[in-house]
Amino acid sequence: MREFGTESDMMAEVRALRHNHNLSTDSAIRDVAEAVRRNIDPVAFNRALLKLPQAARDFWLMSVSA
C-alpha cells in the first residue's frame, strides 16, 4: 500500500498531472476535501474515517481554513 503523503506531496502530484494544461490552484487539495465534506452524510463519513490509516484521517479532518 502506498504511504499517505503530505499535503505538499499531494499538491506536487496534482501539479504534475497534465503539467502543460494544469490550472490547479494552490488550495486545490483543500478545496476538493471541503467540497466532499460538505456534500456527504456526516455519519457515514465518520464511520468511513475509522477504517482509514491515521494520516488519511488527519487529512480529512484538517481545518479547511488552515
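What follows is a short exchange about a predicted model.

Biologist: What makes the phi of Arg 18 worth a look?

Modeller: Phi of Arg 18 is near 50 degrees, a positive value. Arg 18 is a residue other than glycine. Most residues other than glycine have a negative phi.

Biologist: Where is the place of Arg 18?

Modeller: Arg 18 sits in the loop between α1 (7-16) and α2 (28-38).

Biologist: Why is Arg 18 called exposed?

Modeller: Its relative accessible area is 59%. Exposed means over 50%. So Arg 18 counts as exposed.

Biologist: Now the rings. How many aromatic pairs does the count come to?

Modeller: The count comes to 2 aromatic pairs. One of them is Phe 45 with Trp 60.

Biologist: Why is the pair of Phe 45 and Trp 60 called edge-to-face?

Modeller: The rings lie 6.0 Å apart, centre to centre. Pairing needs centres within 6.5 Å, so they pair. The angle between the planes is 80 degrees.

Biologist: What does the pair of Phe 45 and Trp 60 tie together?

Modeller: Phe 45 lies in helix α3 (residues 42-49), and Trp 60 in helix α4 (residues 54-61). The pair therefore ties together parts that are 15 residues apart in sequence.

Biologist: Why is Trp 60 called partly exposed?

Modeller: Trp 60 has 21% relative accessibility. Buried means under 20%, and exposed means over 50%. Trp 60 falls in between, so it counts as partly exposed.

Biologist: What makes the rings of Phe 59 and Trp 60 an edge-to-face pair?

Modeller: Their centres are 5.0 Å apart, and their planes stand at 80 degrees. The cut-offs are within 6.5 Å and over 60 degrees, so this pair is edge-to-face. Ring pairs link Phe 45, Phe 59 and Trp 60 into a cluster.

Biologist: How do you know that Phe 45 is buried?

Modeller: Phe 45 has a relative accessible area of 12%. That is under 20%, so Phe 45 is buried. Phe 59, at 11%, is buried by that cut-off too.

Biologist: Which residues make up the largest nonpolar core?

Modeller: This core has 7 residues, among them Phe 59, Ile 29 and Met 62. The elements giving two or more residues are α1 and α2. α2 gives the most, with 3 residues.

Biologist: What does Ile 29 touch?

Modeller: Leaving out residues up to four places away in sequence, Ile 29 touches Glu 7, Met 10, Met 11, Val 14 and Phe 59.

Note on methods: Residues are numbered from 1 along each chain as its sequence is written. This is a predicted model: local features need pLDDT of at least 70, side-chain atom pairs count only at pLDDT 80 or more; totals for chains, interfaces and linings use all residues. Side-chain values use heavy atoms; hydrogens and water are left out. Helices (H or I, at least four residues) and strands (E, at least two) are DSSP runs, numbered from the N terminus. Buried means under 20% relative accessible area, exposed over 50%, partly exposed in between (1.4 Å probe, protein chains only). Rings of Phe, Tyr and Trp (its six-membered ring) pair if their centres lie within 6.5 Å; planes under 30 degrees apart count as stacked, over 60 as edge-to-face and the rest as tilted. A nonpolar core is a set of buried Ala, Val, Leu, Ile, Met, Phe, Trp, Tyr and Cys residues joined through side-chain atoms within 4.5 Å. Contact means heavy atoms within 4.5 Å.
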